[in-house]
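I opened a new notebook page for this structure. I wanted to look up a few things and write down what I found.

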Amino acid sequence: MSGGVRRYSDAVTTGRVGEERDRAVFEYALLRVIPRVERGECVNAGVIVYCQERAFLGARAELDEARLSALDPGVDVDGVRRALAAVEALCRGGASAGAAGRERPGRRFRWLTAPRSTIVQPGPIHGGLTEDPEAELERLLDRLVR
C-alpha cells in the first residue's frame with residue numbers, strides 16, 4: 001500500500017494498529033411486529049443477519065407478548081409467533097422452508113427484507129463488520145430486541 005491509499009479489502013481485514021483481522025461485511029434488519037398498521041406502533045421481535053462472505057443467513061426472534069398486547073390486546077399472538085418462526089425457518093433453508101428455502105442466502109435475505117404491509121415487517125437494512133455472524137446475531141438480539 002503506497003501513498004497511504006488502502007483498498008476496501010484491506011480496510012475490512014486490517015485492524016487499527018495493522019494487525020490482521022478476519023472481519024467480514026454483514027447486513028441486518030430488525031423484525032418488527034406492528035399489530036395495527038394504521039397506528040404505526042411496533043415491538044421489535046427479532047433480527048435477520050446476512051453475511052455473503054461467510055454464506056451466513058440467520059434469524060432469531062423473541063416475542064415480548066406483554067409489550068405486544070399493550071399495543072393491541074386483541075392481537076393474534078399465535079399468528080405472530082408462526083410468522084416469526086417462518087422467517088427463522090426460511091433463513092435456515094432446506095426442504096422445511098419450502099421452495100424458497102432452496103434459494104441462495106442472498107436472495108432469501110432480500111426477499112425477507114423487502115418492504116411489506118403485514119403484521120410482521122422488516123425494518124431498514126443496516127450494515128457493519130463482524131468476525132462472527134452468529135455471535136453478531138445474538139449481540140443484535142440482546143441490544144435491539146431483549
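My entries below go through a strand, a helix, some charged pairs and one aspartate.

**Entry 1: the model**

I noted first that this is a predicted model. I kept that in mind for each entry.

**Entry 2: strand 1**

I started with strand 1, residues 24–33. Is strand 1 mostly covered or mostly open? I found seven of its ten residues buried, so I wrote "mostly covered".

Next I looked up its partners. Strand 1 runs antiparallel to strand 2 (residues 43–51), and seven bridges join the two. Strand 5 (residues 126–130) is also antiparallel to strand 1, with five bridges between them. Strand 4 (residues 120–122) pairs with strand 1 over three bridges, again in the antiparallel sense.

I then checked both ends of the strand. A24 stands opposite T130 of strand 5. At the other end, V33 has V43 of strand 2 as a bridge partner. V33 also stands opposite V120 in strand 4.

**Entry 3: helix 3**

I moved on to helix 3, residues 77–92. How far apart are its end C-alpha atoms? I read 23 Å. At 1.5 Å a residue, the 16 residues should span 22 Å, so the two values agree.

I listed the buried residues of helix 3. They are V77, V80, L84, V87, E88, A89, L90 and C91. What covers them? The cover includes strand 1, strand 2, strand 3 (56–61) and strand 4. Helix 2 and helix 4 (105–112) are part of the cover too.

G93 follows helix 3, and its phi is positive, near 75 degrees.

**Entry 4: salt bridges**

I reminded myself that side chains of opposite charge can pair when their charged atoms come close. How many salt bridges does a search of the whole structure find? The search gave twelve.

I picked out R81 and E65. Their side chains meet in a salt bridge, at 2.6 Å from N to O. R81 lies in helix 3 and E65 in helix 2, so the pair ties together parts that are 16 residues apart in sequence. R81 is partly exposed, at 36% relative accessible area. E65 is partly exposed as well, at 37%.

Then I turned to R146. R146 forms a salt bridge with D142, at 2.2 Å from N to O. R146 also forms a salt bridge with E138, where the closest N and O atoms are 3.3 Å apart. I looked up how open these residues are. R146 counts as partly exposed at 45% relative accessibility. D142 is partly exposed, at 45%, and E138 is partly exposed, at 25%. Salt bridges with shared partners join E138, D142 and R146 with R60 and E62 in one network.

**Entry 5: D72**

I finished with D72. Where does D72 sit? I found D72 in the loop between helix 2 (65–71) and helix 3.

D72 is buried, yet D72 has no salt bridge.

Leaving aside neighbours within four places in sequence, D72 is in contact with P35 and R36.

Definitions and conventions
Residues numbered from 1 in each chain as written. Predicted model: local features only at pLDDT ≥ 70, side-chain atom pairs only at ≥ 80, totals over all residues. Heavy atoms only, no water. Helix = DSSP H or I, 4+ residues; strand = E, 2+ residues; numbered from the N terminus. Buried < 20%, exposed > 50% of the residue type's maximum accessible area, 1.4 Å probe, protein only. Lys, Arg positive; Asp, Glu negative; His and termini not counted. Salt bridge = Lys/Arg side-chain N within 4 Å of Asp/Glu carboxyl O. Contact = heavy atoms within 4.5 Å. Pairing = 2+ DSSP bridges. Expected span 1.5 Å × (residues − 1).
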